[in-house]
Amino acid sequence: MATPFTDTAPGGAHSIRPCWSCRGPAAGDAAFCETCGVIQPPGQEDHFARLGLERRFDLDAGTIDRAYFARQRQVHPDRFARRAPREAAIAESRSVSLNAAYQTLRDPLRRATYLLELAGHPIAGDGKTIADPELLAEVMERREALAEADSPEAVAAVAADARHERVSAEAALGAAFAAGDYPAARRHATRLRYLGRLAEEARRRSAMRAA
Amino acid sequence: MAYSDKVVDHYENPRNVGTLDKSANDVGTGLVGAPACGDVMKLQIKVGAGGLIEDAKFKTFGCGSAIASSSLATEWIKGKTLEEAASIRNTEIAQHLSLPPVKIHCSVLAEDAIKAAVADYRAKQPKASEAAE
Ligand code: FES
Ligand SMILES: [Zn+2]
């Protein structure tokens, strides 16, 4: 993705576009036309700008929730029940893009993945392999330990260890973003994915046992 | 999703599962991962005096297609030269196993693991590799 990356872009670039209803100028990412007050279709802004959030990793869940719900209220179908069908449809499409932004940003790992994409340091995608020996040796070791775990307690111990590692990996990820070190951030995010996969596998193992 | 008979066969009776001594000079180890799905594959080769791969082992934590791909890869590379092994394409593996399009990427892991194992072996013998080939 070629989007230029900046740490401070609250709301994104404030471009002006004509209002579809009154033809007057409307701010590129504003929900409503300043002149006639009619709802505007969602633009090309990124997920952070959509929620009016600063483009950064370090965002707490409460901040994201508040930003999302406030914007979602503005486009609630009840408010458009008596408006023109076109306005209701636009409100609906704004709601859909707010939801996509929320789903992407609410989960720290998805937020990190998205930030890395915007920064031009994407995590290896489908069909791409990595060869980081240290990380993969660790993953191998943990997966082996899980495979060899022969009691519910042993499986739980591997899972608890993975949970513990996830907490510290998330902290390291935050620090890397704060320092603007994207290669390091990508590495921590990749590791988090593997730890997540391990936890998933541990859950599957416990479920198998329980069944 | 239905796996092909060949995938099921390799998945149920994986060939050459195991580990070779990764510190041995005649062993090359390839360790690759696919972050998109969180799978990981280790493939090792033991190279004989004549420059042929005389043994291969793998350990894969991944989907059935990845396990079958690495199992098949170890079968294919035994008895081959390093060049021949490194020239195996994931598409050949995918075709042999009749992997559906959405599982093609799993065979990429096997191709890259072979290449990584060959590269690791070569890195261990900077001069001997030219002499032996
Ligand atoms: S889904 Fe990960 S290798 Fe097949
Ligand atoms: Zn207007």
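Q: Let's start with A:D46. Buried or exposed?
A: A:D46 counts as buried because its relative accessibility is 14%. Buried means under 20% relative accessible area, exposed means over 50%, and partly exposed is in between, with a 1.4 Å probe and protein chains only.

Q: Before we go on, what am I looking at?
A: This is a predicted model, where local features need pLDDT of at least 70, side-chain atom pairs count only at pLDDT 80 or more, and totals for chains, interfaces and linings use all residues. Residues are numbered from 1 along each chain as its sequence is written, chains are lettered from A and ligands numbered from 1 in the order in which they are written, and side-chain values use heavy atoms, with hydrogens and water left out.

Q: Back to A:D46. Where does it lie?
A: In the loop between β2 and α1 of chain A. Helices (H or I, at least four residues) and strands (E, at least two) are DSSP runs, numbered from the N terminus.

Q: Which side chain does the side chain of A:D46 make a polar contact with?
A: That of A:R55, at 2.6 Å. A polar atom of the A:D46 side chain also lies 3.0 Å from the backbone nitrogen of A:A49. A polar contact is a pair of N or O atoms within 3.5 Å; within protein, one must be able to donate a hydrogen and the other to accept it, and residues adjacent in sequence count only if both atoms are side-chain atoms.

Q: And what is A:D46 in contact with, leaving aside neighbours within four places in sequence?
A: A:R55 and A:Y114. Contact means heavy atoms within 4.5 Å.

Q: Switching to the metal. What coordinates the zinc ion (ligand 2)?
A: The SG atoms of A:C19, A:C22, A:C33 and A:C36, at 2.3 to 2.4 Å. Donors are N, O and S atoms within 2.8 Å of the metal (3.2 Å for Na, K and Ca); water is not among the atoms, so sites may look incomplete.

Q: How are the donor residues spaced in sequence?
A: As C-x2-C-x10-C-x2-C. A:C22 sits in the loop between β1 (16-18) and β2 (25-27) of chain A, and A:C33 in the loop between β2 and α1 (47-50) of chain A. The two are 11 residues apart.

Q: What about the geometry of the zinc site, tetrahedral or irregular?
A: Tetrahedral, with angles of 108 to 112° among the 4 donor atoms. Four donors count as tetrahedral if all angles lie between 85 and 135 degrees.

Q: Are those two cysteines, A:C22 and A:C33, buried or partly exposed?
A: A:C22 counts as partly exposed, at 32% relative accessibility. A:C33 is buried, at 4%.

Q: Now A:G24. Where is it?
A: In the loop between β1 and β2 of chain A. A:G24 counts as buried, at 11% relative accessibility. Its C-alpha atom is 6.6 Å from that of A:T35, 11 residues apart along the chain.

Q: Next, the largest nonpolar core. How many residues?
A: It has 35 residues, and A:I39, A:F48 and A:L116 are among those with the most contacts inside it. The largest share, 6 residues, comes from α3(A). A nonpolar core is a set of buried Ala, Val, Leu, Ile, Met, Phe, Trp, Tyr and Cys residues joined through side-chain atoms within 4.5 Å.

Q: Last one, chain B. Where is B:S70?
A: In helix α2 (residues 64-77) of chain B. B:S70 counts as buried, at 0% relative accessibility. Its side chain reaches the backbone oxygen of B:A66 at 2.8 Å.

Definitions and conventions
Tetrahedral: all angles 85-135°; square planar, octahedral: opposite > 155°, others 65-115°.
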